[in-house]
Amino acid sequence: MLSHTNVAWEEIVGRVGAIPGLSARLQTAPHFVGTIQSFVNGFLAAPWLNARGHAVASVNDSVFEAMAKRDLGGWQYATARNYLERRRYGIGNLSFVHSGGRLVVDTDAFGLQPQSKSGAQLVALKESLAAKGCFRYNDMFEAADAYLTTHPSVVSAIRHRFPLVFVDECQDTSSEQLALLEKIFGMNGEVGVQWIGDANQAIYGYHTSPNMSRLPLIQLGSSRRFGTEIAAIASPLMVEKPQQLVGGGEPGRVVVIKYDEKSVHSVVARFRELAASESPAPGSEICVLGSRWFPGSSQKFPQSLACYSPSLTRAPSTLGSSWDFLYDAQASWRRGDRFREVHRLLMSSIWQYGQAAHLNPPADVSSSTLLVAAHADAEELRPSLNILLVQLLSGDLQTSDSRRHIAVTLDSACELLGFKGSPDIVSTAWEPKVGSAFLDPTGVVDVVVKTVHAAKGETHFATLLVDCLDGTGKKYDLSHVWPLLSGAAKLSALPPKGRTAVKLAFVAATRPMRLLAFACHADRLTISDTDLVKSGWEIVDVRAPI
C-alpha cells in the first residue's frame with residue numbers, strides 16, 4: 001500500500017488496525033505500507049547508493065538547501081556563488097539526474113556546462129554533500145532509476161514480492177514518481193495495481209495521474225465521512241472533475257462565522273464552543289485550517305492563520321518563551337517546514353534561555369537573529385553545535401525531569417555560541433502555550449491549527465477554514481468560493497489562483513465528519529444572510545452588537 005503523504009498511510013494503518021488479525025500481518029514482510037518516497041528509498045535508492053559508498057543520512061529538500069547554502073559560502077565555491085547571485089538562482093534545486101546507469105549533477109538547470117568553472121564547482125558541491133549522505137527527495141528517484149537500469153532483474157523481484165499494489169492519493173504523484181512506479185509495476189496487468197485519488201484535491205502545484213484510458217475506471221461519488229449537509233457545500237467546489245457528492249455519513253452542520261477587524265481573535269474560541277456543543281468523543285480532531293501560516297508585506301488584515309491567533313507571532317522575553325520556541329521548533333521539524341525556519345526557532349530558544357540564565361551574549365550579538373549569523377560563522381564549532389541542535393529537536397518537553405536534561409543541552413549550546421558567565425539555575429516549570437494549538441482550560445476540546453496542505457488526507461470531527469489572502473496578495477481565498485456556492489460564477493471562469501484557492505477550500509470542506517465552518521470578514525461575504533440560510537448554513541456573528 002503506497003501513498004503520497006505520511007498522514008494518508010497512517011490513516012490506512014489505523015483503519016486496517018481495526019480489523020482483528022490483519023493489522024500485524026500487513027505491516028510485516030512480505031507486505032509494505034508506507035509512502036512512495038519511503039518505498040523507493042528503502043527498496044531501491046538507498047541500497048544502490050550504499051553499494052557505491054554513499055551512506056544515506058538525510059533525504060530532505062529543506063535540510064539539503066540549508067547545508068548547500070552553508071557550504072556554498074566556502075572559498076572553493078566563490079565563482080559558482082557569484083554566478084548564482086548575479087542570476088538570482090537558488091542552490092536548493094541542485095540535483096542529480098540519471099544518465100547511462102550513473103548519477104550526474106544537473107548543471108543544465110543553472111544554464112551551465114559541467115566543465116565550466118562555475119559548473120565544476122557546483123558538481124563538487126553536490127558530490128561533497130552526497131559524500132556526507134545529504135540528498136534531495138528527487139535524487140532518490142533518480143538513484144532508483146539508475147538501479148533499475150543497471151540491474152533490470154530487480155523489477156522482476158519486486159513484482160514477484162508485490163503482486164498486488166494499492167496506490168492512494170495518486171493525484172499527488174509527481175511525473176517522476178509516476179514514471180518510476182509504472183517502470184516498476186507496469187501497466188499491462190502483470191501486477192494488479194489499483195490507483196485511487198481525487199483530481200479535485202491536487203493542491204501541490206502539479207497535477208499528474210496515471211493513464212487510465214486503457215484501464216477500467218470506477219468513479220466514486222459518495223463519502224461515508226460526512227453527511228448530506230457537508231456534501232452539498234463541497235460539491236460546487238470540485239474544480240477538476242465536477243460531480244454531485246453523496247454524503248453517506250452522519251448528519252452534520254455547516255456554519256458561517258462572520259467577524260470584523262475588532263473581533264477576528266474571537267473566531268477560534270467561538271468555533272471551539274460550536275465543536276464542543278456537538279459532544280465530540282475524546283481524542284477527536286478539531287482543526288482550524290488556512291492556506292498560509294504567516295502574513296506577508298500587504299497591509300490587508302487578516303492575511304493568515306497567525307492573524308487569527310496572536311500566539312503564532314509572539315516574541316516574548318520570559319523564560320517560558322525558551323521552551324515555547326523549542327516546542328515550536330520540534331513541531332516545525334515534524335511538519336517538514338523549511339529548515340531555516342526550524343533553525344530560527346532553535347536559535348530563538350537558545351537566545352531566550354541565555355537571557356533567562358543571565359548569561360552575557362557574544363560580542364555584537366544582541367538578538368536571536370544575529371545569533372543565527374553567529375552560528376553560520378562558527379565553522380569549527382558547527383559539527384558539535386549541530387549535534388546539540390539535533391538533541392534539542394528530539395528532546396522530550398513533557399516532564400520537568402526531561403526538561404532539566406534539555407536545560408543542560410541549552411547550557412552547552414550557549415557556551416559553544418560564545419555566551420559568557422555562570423548560568424543561573426533556571427526553573428523548568430512550563431505549560432505549553434503553543435502557536436499550533438489552542439488549549440481549552442476546561443479540558444472539553446482542544447483545537448489544532450495547521451495549513452490545509454498539512455491536513456490533507458486527515459479525518460476531523462470538526463473543521464474551520466479561515467479566510468486568508470491568496471498568493472497574489474490582492475484577493476482572499478473565500479472570495480473565489482462564495483460566487484461558486486451561490487451560483488453566481490462558473491468553474492470554467494476561475495483564474496489560476498482562483499482554482500488553487502477553490503481546491504484548498506474543497507480539501508478543507510471534505511475533512512470533517514460533523515461540523516464544517518467557514519470564517520469570513522462580514523464585508524467580504526457576498527451572499528446574503530437569507531440566501532445562506534436557504535442553502536443550509538447557520539450564521540454565527542462574533543462582532544460586537546451595534
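**Aromatic pairs, salt bridges, cores and strands**

Phe32, Phe39, Phe43, Phe162 and Phe185 are linked by ring pairs into a cluster. Rings of Phe, Tyr and Trp (its six-membered ring) pair if their centres lie within 6.5 Å; planes under 30 degrees apart count as stacked, over 60 as edge-to-face and the rest as tilted. The model is predicted, so local features need pLDDT of at least 70 and side-chain atom pairs count only at pLDDT 80 or more, while totals for chains, interfaces and linings use all residues. Residues are numbered from 1 along each chain as its sequence is written, and side-chain values use heavy atoms, with hydrogens and water left out.

**Aromatic rings**

- A pair of aromatic rings is described by the distance of the centres and the angle of the planes.
- The ring rule gives 14 aromatic pairs. One of them is edge-to-face, because the ring centres of Phe43 and Phe162 are 5.6 Å apart and the planes stand at 85 degrees.
- Phe43 belongs to helix 3 (residues 36-51) and Phe162 to the loop between helix 8 (153-161) and strand 7 (164-167), so this pair ties together parts that are 119 residues apart in sequence. Helices (H or I, at least four residues) and strands (E, at least two) are DSSP runs, numbered from the N terminus.
- Phe43 counts as partly exposed because its relative accessibility is 26%, whereas Phe162, at 10%, counts as buried. Buried means under 20% relative accessible area, exposed over 50%, and partly exposed in between (1.4 Å probe, protein chains only).

**Charges over rings**

- A charge sits over a ring if NZ of Lys or CZ of Arg is within 6 Å of the ring centre and within 35 degrees of the ring normal.
- Arg524 sits over the face of Tyr476, at 3.5 Å from the ring centre.
- Lys126 sits over the face of Phe96, at 4.9 Å from the ring centre.

**Salt bridges**

- There are 19 salt bridges, each being a side-chain nitrogen of Lys or Arg within 4 Å of a carboxyl oxygen of Asp or Glu.
- Arg159 and Glu190 form a salt bridge with an N to O distance of 2.9 Å. This pair links distant parts of the chain, 31 residues apart: Arg159 is in helix 8, and Glu190 is in the loop between helix 9 (175-185) and strand 8 (192-195). Arg159 is buried at 16% relative accessibility, whereas Glu190 is exposed at 51%.
- Glu240 and Lys503 form a salt bridge in which the closest N and O atoms are 3.0 Å apart. Glu240 lies in the loop between helix 10 (228-234) and strand 10 (246-247), and Lys503 in helix 20 (residues 496-509), so the partners are distant in the chain, 263 residues apart. Glu240 is partly exposed at 27% relative accessibility, and Lys503 is buried at 9%.
- Lys258 meets Asp529 in a salt bridge of 3.2 Å, N to O. Because Lys258 is in strand 11 (residues 253-259) and Asp529 in helix 21 (residues 529-534), the pair ties together parts that are 271 residues apart in sequence. Lys258 is buried at 8% relative accessibility, and Asp529 is partly exposed at 36%.
- One network, joined by salt bridges that share partners, consists of Glu250, Arg253, Glu278, Arg514 and Glu538.

**Nonpolar cores**

- A nonpolar core is a set of buried Ala, Val, Leu, Ile, Met, Phe, Trp, Tyr and Cys residues joined through side-chain atoms within 4.5 Å.
- The largest such core has 54 residues, and Phe39 and Phe185 have the most contacts inside it.
- Leaving out residues up to four places away in sequence, Phe39 touches Leu2, Phe32, Leu44, Ile158, Phe162, Ile184 and Phe185, where contact means heavy atoms within 4.5 Å.
- Another core, of 38 residues, lies apart from the largest one and includes Cys287, Leu485, Phe518 and Trp537.

**Strand pairing**

- Two strands pair if DSSP finds at least two bridges between them.
- Strand 11 is largely enclosed by the rest of the structure, because 6 of its 7 residues are buried.
- Strand 11 runs parallel to strand 16 (residues 512-521), joined by 7 bridges; Tyr259 has His521 of strand 16 as its bridge partner.
- Strand 11 also runs parallel to strand 17 (residues 538-541), joined by 4 bridges, and Ile257 stands opposite Val540 of strand 17.
- In strand 15 (residues 460-466), 7 of the 7 residues are buried, so this strand is largely enclosed by the rest of the structure.
- Strand 15 is joined in parallel to strand 12 (residues 286-290) by 4 bridges, with Thr463 of strand 15 as the bridge partner of Cys287.
- Strand 15 also pairs with strand 16 in the parallel sense over 6 bridges, and Leu464 stands opposite Ala517 of strand 16.
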